Amino acid sequence: MPDQMHHIALASRPSGAPTAENFNYEAKPMPVPGEGEVLVRVHYISLDPYMRGRMDDAKSYADPVPIGGTMEAGGVGEVIASNSPDYKPGDFVFGMLGWATHAVQPAKMLRKLDPAQGPITAALGVLGMPGFTGWHGLTEYGRPKAGETLVVAAATGPVGSMVGQVAKSMGLRAVGIAGGADKCKLATGTFGFDACLDHRAYDSASDLRKALADACPDGIDIYFENVGGKVLEAVLPLMNNHGRIPICGMISWYNAGGLGAGASDQGLTAPAVWRTILVRFLSVNGFIISNHWDRYPTFLAEVGPKVAAGEIAFLEDIAEGLENAPDAFMGLLQGKNVGKQIVKIV
């Protein structure tokens, strides 16, 4: 076993979009597992938009990454040392392993994986936190009914693609919004959306709204919110009475700081938003998926067999090498990834 590991630390807090200077690629001594702990050699890590919020020193639903601390991430890897009877060397596990080549975690914070059941990377995307987020948000807060119309942005990402496919399986019309014509082709051709609009093709929310109205002739019953910004401004006036808006993120505002708290959007004034919620009788539910892991076994039981049978499609965008994680993350925030953004360490 080597005596050193590598990790990527938060070097400084970004002002606006992250830059390479906000990250440090560092070596440090190999950690030693204590009682009840496990040492994991990380094979893959997940990159997700919420990590941008962790870089800010702002009050949120989770503590920020400290300066000098390892960037947070879910990861999958192989147990190489264990002080727990529940795990042995050679087992594959999922856990919050961070942007690192190795990690020590309490055994109770890990979940065993079976590589024979499919690629272990699925635990980071379609069968992990993003896929679970899409399924839970839609089924719990979207309350979908056959014949309704759903709109979701970032339609080819791991959350949006799950939302669209589950909605289609329940008999809804699914309209996606994505960044670029190629992604829109993926939304309809690979993920089965009825239509998809390229938000980059419209200069204003008003122009996007006109195109959305054509794609949603019966209005919008469910808007699954993970973007905010121009898309939200376009969607809101098209919501039907008693519409539902599950909110799991607002990536277009994250670089403003404070998980979007510092954003300013003149087209979305509080009175306009609040009035629409009132007069359209909308149900708006924010949720953080980490509060709902009790439903995860139900999600796996329902969605796992569909993924195995090819009934749920998924895409993975895999960058090579831990040292390239910052570039991949910055690209993710700009929508450059196609599918679930993952970094291969081993």
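Which residues do ring pairs link into a cluster? Phe-132, Trp-135, Trp-293, Tyr-296 and Phe-299. Keep in mind that this is a predicted model.

**Close-up 1. Aromatic pairs across the whole structure.** Searching the whole structure turns up 12 aromatic pairs. To describe a pair of aromatic rings, you give the distance of the centres and the angle of the planes. Two of the pairs get their own views below.

**Close-up 2. Trp-99 meets Phe-329 edge-to-face.** The ring centres of Trp-99 and Phe-329 sit 5.7 Å apart with the planes at 75°, and since angles over 60 degrees count as edge-to-face, that's the label here. Trp-99 comes from the loop between β5 (92-95) and β6 (102-106), while Phe-329 belongs to helix α9 (residues 325-333), so the pair ties together parts 230 residues apart in sequence. As for accessibility, Trp-99 has a relative accessible area of 0% and is buried. Phe-329 is buried too, at 0% relative accessibility.

**Close-up 3. Phe-132 and Tyr-296 pair up between two helices.** Here the planes stand at 75° and the centres of the Phe-132 and Tyr-296 rings are 5.4 Å apart, so this pair is edge-to-face. Phe-132 is in helix α2 (residues 129-142) and Tyr-296 in helix α8 (residues 296-308), so parts 164 residues apart in sequence get tied together. Phe-132 is buried at a relative accessible area of 0%. Tyr-296 has 7%, and because buried means under 20%, Tyr-296 counts as buried as well.

**Close-up 4. Back to the ring cluster.** Phe-132 and Tyr-296 are members of the cluster, and ring pairs link them with Trp-135, Trp-293 and Phe-299.

Technical notes
Residues are numbered from 1 along each chain as its sequence is written. This is a predicted model: local features need pLDDT of at least 70, side-chain atom pairs count only at pLDDT 80 or more; totals for chains, interfaces and linings use all residues. Side-chain values use heavy atoms; hydrogens and water are left out. Rings of Phe, Tyr and Trp (its six-membered ring) pair if their centres lie within 6.5 Å; planes under 30 degrees apart count as stacked, over 60 as edge-to-face and the rest as tilted. Helices (H or I, at least four residues) and strands (E, at least two) are DSSP runs, numbered from the N terminus. Buried means under 20% relative accessible area, exposed over 50%, partly exposed in between (1.4 Å probe, protein chains only).
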